[in-house]
Structures are given as structure tokens and as C-alpha cells.
Amino acid sequence: MALILASASPRRKELLERAGLSFACIPAKGEEVIAAGTPPEQAALTLAQQKALEVASARPADTVIGADTIVVLDGLILGKPKDEEDAARMLGMLSGREHLVLTGVCVVHKGHAHSFVQQTKVRFYPLTPAKIRGYVMTGEPMDKAGGYGIQEKGMALVEGIEGDFFNVMGLPIARLLRLLEGLE
């Protein structure tokens with residue numbers, strides 16, 4: 001039995017490696033679909049479950065981890081930016097405000113799905129248009145929910161957090177490890 005990460009996320013891969021786990025990456029290929037009006041926590045959980053269950057259907061003897069991270073501001077889900085203008089728009093919305101980062105995690109083990117959602121509050125400093133443009137020009141926002149990466153240059157945007165830092169990176173590793181330890 002192998003441990004499989006159903007993701008191509010370099011951040012999730014890094015966190016599992018740093019935790020000392022031996023695993024393979026087999027990204028889910030299916031389209032990420034949630035129904036309009038789905039509450040944010042359910043959206044994060046549904047997306048994680050879709051990924052884990054897709055890969056687990058092809059690897060039933062293995063333990064499969066699926067995860068999906070979303071940024072939520074005033075109940076609105078901010079996904080990955082479509083382009084630089086969209087990234088700047090998102091960062092402008094987050095400027096000087098607090099938002100939530102939700103990561104849904106689903107582990108499929110011996111045919112059973114074990115799931116949870118981790119929440120972290122993040123506060124941004126007020127951002128000038130020049131600061132937003134400069135950050136967008138780094139290219140960093142383009143593959144990240146909410147248009148920023150807390151572990152990279154985006155760290156300069158963050159005034160503070162309440163909760164799990166690694167959740168904001170994309171995987172609440174301590175809680176995941178506890179779930180994995182409880183499986184057998």
C-alpha cells in the first residue's frame with residue numbers, strides 16, 4: 001500500500017516531504033466542479049473529495065490524499081486569477097481586510113473517505129495600486145487561490161494570521177498527519 005497525493009501542487013508536495021512522508025504524486029485530471037451557491041466550506045470539501053475519489057478509484061489499495069484551498073472574502077470565493085487584471089482586482093479586494101483561507105482535505109483509505117476543512121484567518125495590510133502592480137508583475141499570484149502566496153513574495157502583504165500557517169500554503173499538515181496516524 002502506497003501513499004498518493006492527488007495533486008500537482010508544489011507546495012503540498014513540499015509540505016509532505018518536509019513531514020518526512022514517502023509518497024507518489026498522481027494529480028487528479030477531472031474538472032473541478034461545484035454547484036453555484038455552494039457554501040465555501042462545502043465547496044472546499046467537495047473539491048478535495050472529487051480529487052481524492054478520482055485517484056482512489058484507480059488505486060483502491062493505496063491511501064490517497066486530496067486537498068483544495070480557497071480564499072473567501074465576505075462569503076465570496078476567490079479562486080485562481082484568470083489573468084493579471086483579475087489578480088490585481090482580487091488583491092485590491094483583500095487590501096486592508098481580513099479574509100478566510102479554507103482547505104478541504106479528503107483521505108481515502110481502504111475504501112473509506114475521511115474528510116475535514118481547516119480554516120485560517122488572514123489580514124492584509126492596506127495595499128497601494130503600485131504595490132499591487134509590483135506584486136502582480138512577479139507572476140507569483142497566477143496559480144494561487146486569492147492571487148497570493150504567503151510563503152513567497154506575498155508574505156509582504158500579510159499583516160497577520162490566526163490559525164494554521166501551513167493551511168494558507170495549501171495543506172494543514174499537522175491535522176493531516178494526525179488523521180493519517182489514526183488510520184488502520
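## A buried ring

Let's start with Phe-124, a residue that is buried, with a relative accessible area of 1%. Keep in mind that this is a predicted model.

Tyr-148 is buried too, at 5% relative accessibility. Both values count as buried because the cut-off is under 20% relative accessible area.

## Two aromatic pairs

How many aromatic pairs does a search of the whole structure find? The answer is 2. Phe-124 and Tyr-148 make up one of them, an edge-to-face pair with 4.8 Å centre to centre and 70° between the planes. Phe-124 belongs to strand E6 (residues 112-124), while Tyr-148 sits in the loop between helix H4 (129-137) and strand E7 (158-162), so this pair ties together parts that are 24 residues apart in sequence.

Phe-165 and Phe-166 also form an edge-to-face pair, with 5.5 Å centre to centre and 85° between the planes. Here Phe-165 is partly exposed, at 31% relative accessibility, and Phe-166 is partly exposed as well, at 29%.

## The two sides of helix H4

Now have a look at helix H4. Which of its residues are buried? They are Ile-132, Tyr-135 and Val-136. If you look down the axis of H4, these buried residues fall within an arc of 100°, so they line one face of the helix. What do the buried residues of H4 pack against? Their partner is helix H3 (84-94).

Turn to the other side of H4 and you will find Arg-133 and Met-137, which are exposed. Just after H4 comes Gly-139, with a positive phi of about 85°.

Definitions and conventions:
Residues are numbered from 1 along each chain as its sequence is written. This is a predicted model: local features need pLDDT of at least 70, side-chain atom pairs count only at pLDDT 80 or more; totals for chains, interfaces and linings use all residues. Side-chain values use heavy atoms; hydrogens and water are left out. Rings of Phe, Tyr and Trp (its six-membered ring) pair if their centres lie within 6.5 Å; planes under 30 degrees apart count as stacked, over 60 as edge-to-face and the rest as tilted. Helices (H or I, at least four residues) and strands (E, at least two) are DSSP runs, numbered from the N terminus. Buried means under 20% relative accessible area, exposed over 50%, partly exposed in between (1.4 Å probe, protein chains only). The arc is that of the directions from the helix axis to the C-beta atoms. Contact means heavy atoms within 4.5 Å.
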